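Have a look at the structure first, then we'll get into it.

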Amino acid sequence: MISPEAMPSPEPAATDQELIAALNAGETAAFEAMYLRHRDWVTHLALRFTGDRDAAFTVLQETFRYLADKFPGFALTCQFRSFLYPVVKNLSLMERRRADRVIRLEERLMNEPDPAETPSPVTDGDGLAALLQVLSPDHREVVVLRFVEDFEVREIAAALEIPEGTVKSRLHHALKLLRASPRTRHCFPERDESNVQTSLSP
Amino acid sequence: MNSDQRPPPFDPEDFSGPEALQSLLRQADQADHPPLEVPPELDAEIVRKGRERIAAGRRASAAEGTATPPPLPAHIEHKVDVDDEAGRRVVRVAFRRRVAWLAAATAVVLACGWWIRQWSEAPIEQQAGLPAFELKPPQEGGPEAVIAAKLPDAGSVTNALALAAEARAARRAGEAIEYYEQALARDANEPTALLELGRLAFKSADLPEAEARLNRLLEAQPEHRDARIERTWVLTHAGKYAEAEAELDAMLSVTPEEPRLISTRGTVELLQGRIESALDWRQRWLATEPTNNEALTELRQTLEWAGKEQELPGIIAALAASATNPVKRAHLKLLHGNELVGRGDVTNAVLVLEEVAATNPEDATARLVLARALTHQGQLERAEALLRELLARPEAEPRWRLELAHNLHHQGREAEFWQEFSAAHLAAPTGGAANHYFQVTHRRLQSTNDPAFTPLNDLFRAALELHPELINDLGFHHTAWLRALNAGDAAYQNLERLLQQGDGPGLRLQLAELLYGIRNYDGALRAAEASRRLDPAYAPAWRVRGLSLEMLGRRDEAVESYKRALLINPTYDDAAHNLIRTRDKQQQPRKSVEDFTELIERRASGRVSYYLWRAYASTRTSSAVRGLEDIEAALQVAPGHLNALASQADTLTGLGRYDPARVAANAVLARSPQHRVANAALGKIAMDFGDLNLAEQARQRLEAGGHAYEAHFLRGRIQLYQGRFPDSIQSFTTAERFTPDASAIWEYRATAGLLGGDFTVAHRDHLWLLERFGPNDPRANGWLEHQYLAMRGRGFDGEAAATLKEALSKGNPCQWPYPMLRMFAGEIPPEVVLAKSQEVAFDMLKKTEYWPHRAFGYEVAARAGIGLFAEFEGDYEIARTHYRWLIDHPDPMWREYQMMATNRLRGIEGRASRKRLPTADDSTPQAGADLSEGLLAWLPMTTDLNDHSPANLPVTVHGSVRMENGVARFPGDGNFLELPHVPLGRREFSISFWMKSDATNEWFSLFSLKEANRCNRALYLQLRAFNELYLGFFRDDVVAPLAVPDRAQWNHVVVQYSRFRQSLWLNGRQLVERFAQPLQMVSGPFRIGAFPPDWGGHHEFHGWMRDFRIYGRALHHTEIHELAGVGGLLAGTARDAGGHVNLPEEVRQRGALSPAQTAVLDDPRPFLQIAGNQLLITAPPVQVYELQFSPDLNRGWSYLATLTNTTGSVNYVDEGALAEGMRYYRVQVRASEVEGTAPQ
């Protein structure tokens, strides 16, 4: 029996760029590798946007259908996740809008009164939304990308199609607000105010 | 601001954030959204679809050839641009072998006898005793480098003049100009250089430059005769008539017989509109110089301008009779005879020519023309003898052999024809022989289907070997001939070789056109530049230069290039079209009017053409009156000008002045029966009067004249008028292929789309019109109105609202149909719009020149628009009122609106108003008097495939659906039946039929009906895998909980819609019922055995069908039982019976039912009713069910609830369905006390 150590080391995994090049060349088998690599991330992202399991699966399908339609001739100019993020986001929003529309339509067909206002986002508890409720949607988005998704600043800029300076500015202000928020204050080390003052002094 | 208020400085460390925060947020995220496990089947499906799409995308990309821009023509396999050592950009083209050609050539060789074969296989050089053809090595630096380089210094004035003369002889006028300039640099008053530069400047339409050069010469030598004559010519073309006239009269007083003076004097008269005087001068010119072809050509043109071209033979005869010089008299008689030959009067021609030949037996020309006439008359042998006698003379000219060749061809002696033709061509390749190549090729193609490629190709090459100085002309004709044969690859190879041997503007032009054809616009521009540098007076080079510039986005430069081409050749129609089209693309259509005004100022001699083009440009920008003024100005100069008269007819038609228009058109057609513009104008008049016979005659004349665009366009209009809207759209689309300017087509096709209910076409064409002409175009109000309606028709209500908003803000409120737009916006009621339309009509009627019916059209169009709008808004009563008005007020000019109203009314008759539609609480349907009541269509399929209902709808058989043993056989892929639209949109209906299939486990469509312009508004029934019936019902699809027990047996199926409920019946038993909104469809064909037209794929029914019925009412259950062949056996509906019907045993034993029916009727499984999220399961107690659901049938079934039925029915409310939008349900029996219900 061959021990695991004796087995030849596996081929280094192909990069996203290599997979894209293979797909552009017509090697459709690379699609599966690409899908399996990013499937969970896309599903999780879609679930976060839609809040619904089935909608997340729909978005997953649509995302990779959209990706498949890009070939041949697809040129990746940023990180692959930066490319996928707006796709997933927009498809999720569309899916949510569609679901809302269908619900309203069904209810109208059933001659029932219009539904009440969409319930406001969760504000209690320890959920992500509750923790970040002090932030505006723009700030919340960069914080989630930075700290939950572990995107680099330039990746965030590419994903949101905004300048890097804007990302930095939003992060800066978001962190400032989170530092002041009672829910997240404890995560930040105490500042040595005197040092700050000293360093700022002429 | 103090330091405390300032924002803290940027600290890069802050962006990483504290780890604790990161950890907290991730934990919260995980808690909110726990990881989802993607089902393996979903994984597999996504990967499979993705791979399929990538493969399909790759195939599509390969098919479009987008991988290597620019796209190449089909015959070129691949193309690579490389730079060779010399720095030239060389285009290498690899060509696919033309196997077909070889096969065709071989077939012809076999068919044409042994000696033709021998001849065609042997190289022409060998036959002609020439050395074998060899390629010369390419010139160093390449032709482009030669052109780009400055010419070497000639050294002396004499040399420079000699080199210039040589360059002119080789058709390289650009080089000649440079040499003349060199001569002038040495001697500023060198008379030859100044004179020739003046002539060349005149040829390239640079009149000020020409005049300056000649003035300079005349300052040095005031009596230089040639310079004076040239100057009068320049002055005449520049419009300085008085000056030219004075100078000419002065010179004519000295030399009254000087032909050039007489010619110019005639032109001065002609351009000033003194046509009779011009005719006198022209006749005088011909009498003075009868051997000059130009004199005859000018006389012919002047007669045409006067409308007297029929008088030409008589005039020549009179000139001959009055001629005192016997040589001139003889030649004039020859011209007379030749003219008679040209007009088909061969008998008289022969008489005249025989007289001349008898008078002068030595006159070879007389005998030649006589031989030609005899050939035309059919006296072929006599003509041949005459020609052979001529060719035996020592002074025989090579071109005479061409006459002999033609004669031999008429005698069918093809081999000898080839010999004579080749000899003539090799001796004098530019003596008319090259022009015959096309005729020869055409003839060969017609007679033997042989493109005669090899021998003619060799002949060209051999001729070039013998006459290398003719490389430009020979190369031009050779390449053009190859291109005419659609042999672009060979043309390219040939051109490359020729350009290595020499150069010329014609060769460069061919190169430019070839490169333009394969979308290499940079290359085309370079080649066109080289061409026009070689010959600045070469108008086609300027035009192709303009085309290339246009494609490169340099439109202003392109316009200047077109203008230059038009200055050189005022009758260059292609350049004028290009100029106008470019201005359209620039969104400045009115600027083309200014362009032609500028041309009129710069070259007065071309003003008749320029006037007509300016009129065309004015008419297109809705200044038809201004256009008419221009046409009248042209007619003042040339009262009989055919094109001017035809344009007048066309413009008058556009203005509604039909009587004078008809007079003008008929005047043209009397002289030229197949005239394009006149026939088109007459066609318009005929259409506006609804005179289909007259229109059809005009169309046939257009077709016979080869005017494909006008013929198809007129056909489209005729079909539009007849209410054949789809045919009309098709004809307009065909016409579009033949014209570069399709805006008129877009307008009519959009109308056909709107009136015919094809709103997609209407939407697209209006988009194009608005994009091309912009919202400021005077016609834009109407387009926007129609665009709004088309968008509403397609269901794009949001976009329609945006369009309306824009239309209201940008439209002209004073111009009709602005009130329509206001009505759409709800600002005014329809009654006000109608009043406004009548006001506009009244205003028009006050102008007596307008035909009253045209004014009436405002109200017609307004009512049609109001009807459509009301229909889209759901106000069917209003729509019906206006449609009925249109039907009740038929008008010969607006028949298409009547047809449209009829169609729309038929479409909405099924859409009963909401009040008339029964509510969901109504009782079950009532039975009709009998089963023939309410039939919308009935195809018994026992003896034929026809509709036997009272409607007698036409049934189109696609493929090979046929009768077989008394039932209809559907063989599957591509085979189905199609009925026109059956209005099931907002009414109760039932569809009943019998079917069985021999295709196991395939899925296919049983019938379908889909709204033509909605992507998913469809009704269809399909039999899926595992015999599952699936009913597509727009948003309320349903899948039958009970499968077809055996598809190989006859099964009876009913789809019914009644009281907001759809239901599906199988073999007399109701399987499922579901709450559903009406379909609201008004268009689209009803197909039996196929999916809707635009869904793609082949899932046509494979099996047999019979007794296909479509009812415009819901059937009572007893009727369904009767149709299913179980009449009287079943009591009440399946619901009443608790979903289970026990048949009497004796009935079963009698074999009254098929096994399939028995299986269904005996099935004790539950019956499921669905209303929104409320489910009702009915079945004999006691049973335990597992209720399952699926949001999408591709994802499989999920558990929903476990229910126990103890009373005969059980209810369930599915809360999850509201969040999901739509769900499918099924019931599995888990436990049962009912006999025969096995737990699954």
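Strand 7 of chain B, residues 1086-1088 of strand 16 being its partner on one side, runs antiparallel to that strand, and three bridges join the two. Keep in mind that this is a predicted model. Strand 4 of chain B is also antiparallel to strand 7 of chain B, again with three bridges between them.

- Across from L979(B) you'll find F1086(B), which belongs to strand 16 of chain B.

**Which way the side chains point**
- In a regular strand, side chains alternate between the two faces of the sheet.
- Strand 7 (residues 976-979) of chain B has F976(B) and E978(B) pointing one way, with L977(B) and L979(B) pointing the other way.
- Buried or exposed, these four residues? All of them are buried, E978(B) included.

**Asparagines with positive phi**
- Most residues other than glycine have a negative phi.
- N952(B) isn't a glycine, yet its phi is positive, about 50 degrees.
- You'll find N952(B) in the loop that links strand 3 (935-939) to strand 4 (956-958) of chain B.
- N952(B) has 53% relative accessibility, so it counts as exposed.
- N965(B), not a glycine either, has a positive phi of about 55 degrees.
- The loop between strand 5 (962-964) and strand 6 (967-971) of chain B is where N965(B) sits.
- N965(B) counts as exposed because its relative accessibility is 79%.

Conventions: Residues are numbered from 1 along each chain as its sequence is written. Chains are lettered from A and ligands numbered from 1 in the order in which they are written. This is a predicted model: local features need pLDDT of at least 70, side-chain atom pairs count only at pLDDT 80 or more; totals for chains, interfaces and linings use all residues. Side-chain values use heavy atoms; hydrogens and water are left out. Buried means under 20% relative accessible area, exposed over 50%, partly exposed in between (1.4 Å probe, protein chains only). Two strands pair if DSSP finds at least two bridges between them.
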